[in-house]
Amino acid sequence: MIQFLRGQPVSLERNAQNRFMLILEVNQMGYEIQVSQGFAQGFSSESPSLIQVFTSLQIRDEQPFLFGFSTQAERDLFIQLISVSGIGAQLAIALIDTLGLEGLVQAVVTGNINQLSKTPGVGKKTAERLALELKEKLSQWRNALGLQTLSAEMSLDASRLEDLELTLLALGYSETEINQAIAALSQDKGFLEAPSVEEWIRLAITWLSQV
């Protein structure tokens with residue numbers, strides 16, 4: 001099992017299947033690694049000449065495929081996701097890209113089916129299976145890592161959340177950006193205790209303007 005690779009990035013391109021492919025040179029060998037959209041967005045010409053990529057080697061139709069992540073936590077979450085029946089590598093990456101690590105763990109642990117279903121390709125039954133099979137595992141895992149997530153009792157008000165999402169969509173933000181903002185802000189006590197949806201909108205726009 002290849003735990004990580006450290007080497008010089010040669011190229012990072014989006015292929016015909018809309019997947020981000022990184023070529024990483026390690027000891028004069030070039031490794032092709034599929035990386036998440038979040039990884040790709042954080043990659044630039046100013047990135048260090050040597051980078052470390054946490055990897056997961058998967059075999060499909062007797063062909064090896066390497067998937068890469070910027071952190072060990074993301075890689076480990078990916079491995080837990082693909083252990084669920086019906087969740088393949090591409091869907092696991094889509095879940096992480098759509099909700100972010102903390103947002104995804106929170107959605108699974110609190111059984112937030114609506115949030116999980118926002119990922120393209122994840123229907124209600126798949127979301128329910130994710131929550132059922134991984135709730136306890138991810139709860140223990142996030143506690144071991146020290147991640148903070150909301151309890152089920154602290155879940156965000158659905159009606160106010162819908163108003164927030166519709167407003168941000170109307171302002172031109174993408175669903176991915178909105179989901180990431182909500183995942184981040186839901187860890188903020190000030191956001192949770194905000195008296196109105198207008199305050200939520202203000203806080204969300206402030207957060208989005210800083211990323």
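Begin by selecting Val 10, which is exposed, with a relative accessible area of 54% (exposed means over 50%, buried under 20% and partly exposed in between, with a 1.4 Å probe and protein chains only). The model is predicted: local features need pLDDT of at least 70 and side-chain atom pairs count only at pLDDT 80 or more, while totals for chains, interfaces and linings use all residues. Residues are numbered from 1 along each chain as its sequence is written, and side-chain values use heavy atoms, with hydrogens and water left out.

**Val 10 and its surroundings**

Val 10 is found in strand β1, residues 4-14 (strands are DSSP runs of E of at least two residues, helices are runs of H or I of at least four, and both are numbered from the N terminus). Not counting residues up to four places away in sequence, Val 10 touches Ile 23 and Glu 25; contact means heavy atoms within 4.5 Å.

Next, select residues 20-26 and 29-35, strands β2 and β3, which pair in the antiparallel sense over seven bridges (two strands pair if DSSP finds at least two bridges between them). Together β2 and β3 form a hairpin with two residues between them, and Asn 27 in the turn has a positive phi of about 50°. Val 26 stands opposite Met 29 in β3. Then show residues 63-69, strand β5: β3 and β5 run parallel and are joined by three bridges. Val 35 stands opposite Gly 68 in β5.

**The helix pair α3 and α7**

Select residues 89-109 and 175-185, helices α3 and α7, whose axes come within 8 Å and cross at roughly 5°. Axes are lines fitted to C-alpha atoms, for helices over the stretch in contact, and angles run from 0 to 180 degrees between N-to-C directions. The helices α3 and α7 are therefore roughly parallel to each other (angles under 35 degrees). At their contact, Asp 97, Thr 98, Leu 99 and Gly 103 in α3 meet Thr 176, Asn 179, Gln 180 and Ala 183 in α7.

**The kinked helix α5**

Finally, select residues 124-145, helix α5, which has a kink of about 55° centred on Leu 134. The bend at a residue is the angle between axes fitted to the seven residues ending there and the seven starting there. Among the buried residues of α5 are Leu 134, Leu 138, Trp 141 and Arg 142. The buried residues of α5 pack against α2 (72-81), α3 and α4 (113-116).

Terms used: Parallel < 35°, antiparallel > 145°, perpendicular 65-115°, else oblique.
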